[in-house]
Amino acid sequence: MPGDLQTTPAGVLGLSSAEAAGRLAQDGPNSLPAHPRVPVWRRVLAQLRDPLIIVLLVAIALTVATGDWTDAAVIALVIVVNTGVGVVQEVKADQAITALATMTAPEARVLRDGEQRLVPAADVVAGDLLVLAEGDIVPADATVVEAAALLVDESALTGESVPVDKAAAGDGRDTADQVSSGTVVVRGRARAVVTATGTASAMGRIAGLMATGSGLTPLQRRLVGVGRALAVAAVVLCTVVLALGLARGESLELMVVTAISLVVAAVPESLPAVVTLALALGARRMAARHALIRRLPAVETLGSVTVIATDKTGTLTEGRMVARRLWTPAGEAEIDGHGYAPHGTVHRDGQQVTAGTAADLDELLTAAALCTDATLRAPDEPGADWTAIGDPTEAALLAAAGRLGLDPAALELSLPRIGELPFDSVRKRMTTVHRLPGGGTRIICKGAPEVLLHSGYLADPDDAVLAATTAADTLAADGYRVLAVTRADHDSAPAPGDWERGLRLLGLIGIRDPARPSAAATIAACRSAGITPVLITGDHPATARAVAAEVGIIAPDGDVVDCREPADTERMRHARVFARATPEQKVDIVTARREAGDIVAMTGDGVNDGPALRRADIGVAMGLRGTEVARQAADLVLADDELATVVAAAEEGRRVYANIRRFLLYGLSGGAAEIAVMLTGPFLGLPLVLLPAQILWVNLLTHGLPGVALGSEPAPPDVMGRPPRPPAESVLGAGLWQRILRVGVVIAAVTLGIAVWAHATDRPWQSMAFFALGATQLAVALGSRARPGSRANPMLLVAVAAALGLQFAALYVPFLAGLLSTEPVALTDLLVICALSSLGYAAIRLDRVVHTGKPRPPGP
């Protein structure tokens, strides 16, 4: 890049075509690199590395070796379905960097060979002279060398809710302003010399930050740990069963098949199906609540969240500038209203004020409405919002005038503009000249209070200026952007050099991006659920403090980290509000929180939020006003742009996790009981309590439809009243594995008790033990319901009834009885078994009563 780019004069002719072609060949196109595509086979292998899947793959190999093709097919089907769902979700989610290309301009106007040309944005090179006008997307980073009333919307990159004025060097400025790729020209025109393109631009740096994702979700990390533990335990215990059987003289083939059957019984092979179904149902319920899931595991992650890091503009706030406070020498007033709609009310001292009832407010808002270039557009459809054309701050002034009852269009007709001095970053004010109806002229000037109040042009006494200065400082400290409005009437048109002399201060207007009506309640709901809200914004510290205090994140005098100043790691891990944060710093804050052990959800809508959304445990993007980059980088998209939807989605996430733990309690207690029965039986005089086919049958019935139906259970009533589970806690933590053992002991005791009694009384003891094992586990399934007695989740009742019917059929249908080597059981004996099997229901209910007396995370 040439060293004189920063000092290129405004009148240069631009690059020659030959020089531009040479630089394009040397530096490459002004575009972002395509995201590398991961082959499908790699995604499949990644899914198959799960320890539970590995155990099931080994089980398939062994069942095929022994000729058990039916069981092999069932296990293979579970693996194929789970792997397929995982791969499809990954392919859909991995599009974030590609979406960045949509934020760049498709074409750009440049000067080449002394002529203005329209070229593809990809062909823009360092040194090109850009020609920018209102509505243009800046195609590359550039230095402004010529500007006229240039105003640039940088909210997508910086989070600033107010457009920023830009100017060239000179006219009292030592250095020229920079414009960044992806930003939008709101007003004015400019010429700028390109300084960085492609990956070296602001958009390119953000693309680099997005290259690394967040990795496994908390649920995936927990299930990997559980899978390893279950795999080891299952193999060890089943090896013991194999050795005991061989020691008793059983055949090698029988004991190998028995060991394989126990492995399948001990490993909850329905777990992937249950998890997938629970996540899919959760995603569907979230969609009904306007939360769209892009990656299924993110459903549960919401239930794990301990920190919600939220953007300000458009998330906690409405994303629109609104005039809220008025100050005149006669007193203060407040304005109510929503967005840019010119409908609302103005109040002073608790009384509504309308046009004609307060002369000072009429004068202030009349002057403010006349000294603007923006317009308001009514909605095309009923119920839609009004939109602003031009500077959002000026649109807020028009809306404020309308809320007092003034008609800006009528004012423009009665006081037509005949001259103006546009706003620029040096003067920091705008001046307009209007013709009075009876002759003469009116000068109106609005701008920054620090300029107008101390310009020397005001005719007001010193004490009035001091009072206005104090009021302006108070409004600024409260997070408002403050405009001062002045006016002077003349009998004849003054010379342009005298336009701004003899001005009289009309008052001050406090403008801000107001908090959403639901924001405070949402933050309170987060706190009650044990979730810490954190505000990260690119806006001014005073604005960040005001919004954070208004919605309840911090106290009015709470700590605000200004990211332009150095901050230690501990402060980054514990502070609640961060201002002036760059995209890189947002990533650092999220990373610091994660390293401290938090599960972080990051919300945002701009390009600047994309890297942090991708790095967080779960990224949440705004669907209505969010950029495509933010939506593609996120795991969850809010269709209604309401932060309250995140809390609703967190409830669904906790429900999903509770149901996964519910299934683990049910499935693993049954598997533990089956292993205990097989290990203990020989010591009680029972040679081989259950045959391999019987073990697989019971496992198929209990882990099949009833187990999957448990994934549809409603949330526990107090699910959002509990704190989030500790991030490092295992999915079997909070006492779940102890509960599994307790319930498993009851199931095994019932089964072995019936088997010993039947064996001693010369009854078909193996068939009775087989029926008792299945019936007791089904009773546990009924007792595992989140809300016993309710009509919620009727599918569980249907599934249990169907499974129990098949268990009866296994005893009395000749074909099944021959396949499973069972015998019919007398009706009286069957009644005894059913009565004792109900102990499974009693055990799980009693265990729940004992367990709920302890602090616990969301779960069964």
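Biologist: Where is Thr469 found, and is it buried or exposed?

Modeller: Thr469 is found in helix α17, which spans residues 462–477; helices (H or I, at least four residues) and strands (E, at least two) are DSSP runs, numbered from the N terminus. This is a predicted model, in which local features need pLDDT of at least 70 and side-chain atom pairs count only at pLDDT 80 or more, while totals for chains, interfaces and linings use all residues. Residues are numbered from 1 along each chain as its sequence is written, and side-chain values use heavy atoms, with hydrogens and water left out. Thr469 counts as buried because its relative accessibility is 17%, where buried means under 20% relative accessible area, exposed over 50%, and partly exposed in between (1.4 Å probe, protein chains only). Leaving aside residues up to four places away in sequence, Thr469 touches Leu453 and His454, a contact being heavy atoms within 4.5 Å.

Biologist: Which residues touch the most other members of the largest nonpolar core?

Modeller: In soluble globular proteins, nonpolar side chains tend to be buried together. Here the largest nonpolar core has 106 residues, and those touching the most other members are Leu316, Ile553, Val577, Ile618, Leu636, Val689 and Phe770; such a core is a set of buried Ala, Val, Leu, Ile, Met, Phe, Trp, Tyr and Cys residues joined through side-chain atoms within 4.5 Å. Helix α24 (residues 644–680) supplies the largest share of this core, with 17 residues. Apart from it lies another core, of 37 residues, including Val346, Leu364, Ala374 and Met430. As for Leu636, its contacts beyond four places in sequence include Ile618, Val620 and Ala649.

Biologist: How should I read a salt bridge, and how many are found in the whole structure?

Modeller: Side chains of opposite charge can pair when their charged atoms come close. The search finds 29 salt bridges, each being a side-chain nitrogen of Lys or Arg within 4 Å of a carboxyl oxygen of Asp or Glu. In one of them, Lys312 pairs with Asp539, with the closest N and O atoms 3.0 Å apart. This pair links distant parts of the chain, since Lys312 lies in helix α12 (residues 312–316) and Asp539 in the loop between β21 (532–536) and α19 (541–551), 227 residues apart. Lys312 counts as buried because its relative accessibility is 1%, and Asp539 is buried, with a relative accessible area of 5%.

Biologist: How far apart in helix α24 are Arg655 and Glu652?

Modeller: Because they are three residues apart in helix α24, Arg655 and Glu652 are separated by about one helical turn, and their side chains meet in a salt bridge (3.8 Å, N to O). Arg655 is buried at 13% relative accessibility, and Glu652 is buried at 6%.

Biologist: Which strands pair with β3?

Modeller: Strand β1 (residues 107–112) is joined to β3 by two bridges, and the two run antiparallel; strands pair if DSSP finds at least two bridges between them. Strand β7 (residues 184–196) also pairs with β3 in the antiparallel sense, over five bridges. Leu130 in β3 stands opposite Val110 and opposite Ala192 in β7. Strand β3 itself (residues 129–133) is mostly covered, with four of its five residues buried.
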